[in-house]
Structures are given as structure tokens and as C-alpha cells.
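This briefing covers a packed helix pair, the domain arrangement and a ligand site. Please read it alongside the sequence and the coordinates.

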Amino acid sequence: MNKDWSEKNKKIQMLIGRETTFAEGIDVLIDLRNDLFSQISYIVNTYPPEAFYQMPFAGAEGYHSKTLAYSMWHIFRIEDIVAHTLINADEQVLFRGGWQKKTGSPIITTGNELMGEEIAAFSRKLDVKALVEYCKAVMDSTNDLLRSLEYKELKRRFCEEDRNRVRESQCVSTDSNAIWLIGYWCEKDIRGLVKMPFSRHWIMHIEAMCRIGNKLCKNARKGSDPIARCGLSCNHCFLKDWCGGCRTAYNTCSDACRYPGKICPNTSCCMEKGIDGCYDCDELKDCKKGFYEYDDVNAVKAMALFIHKYGKKELLKSMNRLHKEHDFEKVQEVLGNDLEEGFRILENTRER
Ligand code: SF4
Ligand code: SF4
């Protein structure tokens, strides 16, 4: 489990367990939920539509065997059912917001009953932009519930009437892979529900989503040119574990993400000029477009100038060597901010 999330989760459980620190615990919980939701937003804002119905770990044991879209649906359907039908006995966000129609979902259940290909087929039907809005609406609604919760309510338990209400909502399938959920929730008190559907359940599924996303990026990188148009070696970029490289649909480059269609100024300029990359451009040395606009980050331009002189293969070799010799994340940590100096470091590395 992600160390920060796991530690925050432990802290929450400790804080909400005492009356004097309960309110602080709820604040930390809402903070953790915001952190986790930012991962979902990142995935939705950066990955292409087809990413949401792929199953790169199909058949594996664990939450990562699902799809990104299914994971989002499942986390927030469970939360919506538990928060509204079970705890508050009021109308779920799904129904009051008309989200079934907006998301295009053929089901109102948690999705536990779906298996293998059914998960992929279901995920294809979902409108991901509407889905993330539904997820956000559920999160906000549950945050309100959490903020209004009092310490003394944590021990509240559920009765047969509560159990029947959930059953009659038909939001949990009668399939044996799903029906157990009703008993599981109803055996807990409110504190137990805060612990599982509202915090730990998020962590487990969002970690699985990160794993799915990283695997899709890894698959996308296979066979694609690892040199970005600006000259950066995507194989050596600190984002490489969760980016497919900037020549694939899984480009998560922070610079590209600032522009429509994730097309950065270097890429659009190269396309207009009909060249493979900035390293083939006569204006490279004085160019201030895109990644070259930052005077204190000349390392990428040094890489482009190096490719211009020695070619892509030589850059990859020099970068491999630099990574063996130094422990660094961002290339400017070894090439520095001075263009000539960065270029010289790459040349010296090549000659060694
Ligand atoms: S700035 Fe543009 S060309 Fe460079 S890595 Fe990012 S997306 Fe690719
Ligand atoms: S003008 Fe600048 S951004 Fe355009 S291709 Fe040349 S070096 Fe790249």
C-alpha cells in the first residue's frame, strides 16, 4: 500500500477513535479523500478514452484485474449506497442527479456481479467525463455527511429494517459475488463503515487504478520512438512509470497537458515544419518555444543539440551512462541549467 496513504489512514483511525480528536480525524480523512481523488482526476485528465475499458491484468487476482472505469463506478456506487440508503435513509446521489442516464450505465448496482469480459463491455458503455462528475458529487455528499457526524454516532448499528431497505433498493445484485455486501455493511457500526467504504476501499481501488494506468503506459511505450520532439529522452524522464511517452496517446507530459489535445508548442511547430523533432530545426539554438521557454531549464535543449550533432542512439547511450553514474530524477540535476555546459557534459559522457 502507498506509504503516505497508509500512514494517513492509520492516523485517521486513531484520531476518530477518541472524542477529543474526532473532529481532527474527520479533517484528515477529508484531506486523504481529496488526495486520492486527485489521482482519479489526473487519470481522467491525461489518459485517452480507450484506457478506461482496457484490462491489462485480466484474469489476475486482485483489484487491478478490473478496468479504470469499472473501478471508479464501483468505489462510488458503494459509497453512495452506504451513505444514503444505509446510513441516511435518503435518496442516493445517482437517482437525485440523474447520473445513470448521464453516465450511460446499464446498471445501478455496485458491479460486483460482473466478471471478465462483462467488466470490459460495461466499461465501454460509460461516459467517463460524466462518470467522474458523478464520483465527485458522491464524494462531496459524503464529505458533508462526515462533517455532520458526531462522535457518539460512531457506535450506531443497523437493524433488519436497514438491511431490507438496502435489499429493496436493488442496488446490490442478488448474484453470490455481490449479495454478501449487504450483510458485510450491516454487521458494521458507523465507525466500521467510515473505515472501509469511505477510506480503505478507496485506497485499495485507487492504487489498483494507478497500477492499471502504469501498465497501459508501459504497453504503449513498446515500439514507440523514445525521443520526444523537443529532444527529451522519454526513457530517462522521471515521469516514465506513469507516462506512455510523448509520441503515444498515453502522453502525460506536464507541459503538453497545458495545451488543447495535449499538443505542446514544440510538437505543433515540428508538425507544421514537417520535421521529426526540434533537433532537425535550424532555429533550435535561439528558440524559446514550449519546453525551451524556461531560461533555467536548458537541459532539454542541450539534449536536442546533442541529437542534432550525434543522433538519437548516441543520446540514449550517454543518458544510460549518466544514469549508471549518478542518482537523479530530473535531467537538469546532472546537465545543469547552462546550455553550453549541459551540452559539454553530454559530449564528455559520450567520449568516456
Ligand atoms: S514538451 Fe512536448 S515534445 Fe517535449 S516531452 Fe513534453 S510533450 Fe513531448
Ligand atoms: S522553432 Fe523551436 S519549437 Fe519549432 S521546431 Fe524549431 S526548435 Fe522546435
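In this predicted model, helix 1 (residues 3-16) and helix 10 (residues 190-221) have axes that come within 11 Å of each other and cross at roughly 170 degrees. Angles over 145 degrees count as roughly antiparallel, and helix 1 and helix 10 are therefore roughly antiparallel to each other.

**Helix contact**

- From helix 1, the residues Trp5, Asn9, Ile12, Gln13 and Ile16 take part in the contact with helix 10.
- Helix 10 meets them with Arg191, Val194, Lys195, Ser199, Arg200 and Ile203.
- By class, the residues of this contact between helix 1 and helix 10 comprise 5 nonpolar, 3 polar and 3 charged.

**Domain arrangement**

- The domain assignment divides the chain into domain 1, covering 3-214, and domain 2, covering 225-351.
- A distance of 40 Å separates the C-alpha centres of domain 1 and domain 2.
- To the contact between them, domain 1 contributes 5 residues and domain 2 contributes 6 residues.
- On the side of domain 1 that touches domain 2, there are 2 nonpolar and 3 polar residues, with no charged residues.

**Ligand site**

- Ligand 1 is surrounded by 14 residues.
- The shell around ligand 1 consists of 8 nonpolar, 4 polar and 2 charged residues.

Key:
Residues numbered from 1 in each chain as written. Chains lettered and ligands numbered in written order. Predicted model: local features only at pLDDT ≥ 70, side-chain atom pairs only at ≥ 80, totals over all residues. Axes fitted to C-alpha atoms, helices over the stretch in contact; angles between N-to-C directions. Helix = DSSP H or I, 4+ residues; strand = E, 2+ residues; numbered from the N terminus. Parallel < 35°, antiparallel > 145°, perpendicular 65-115°, else oblique. Contact = placed C-beta atoms within 7 Å. Nonpolar A, V, L, I, M, F, W, Y, C, P; charged D, E, K, R; others polar. Domains from an automatic or database assignment. Near = placed C-beta within 6 Å.
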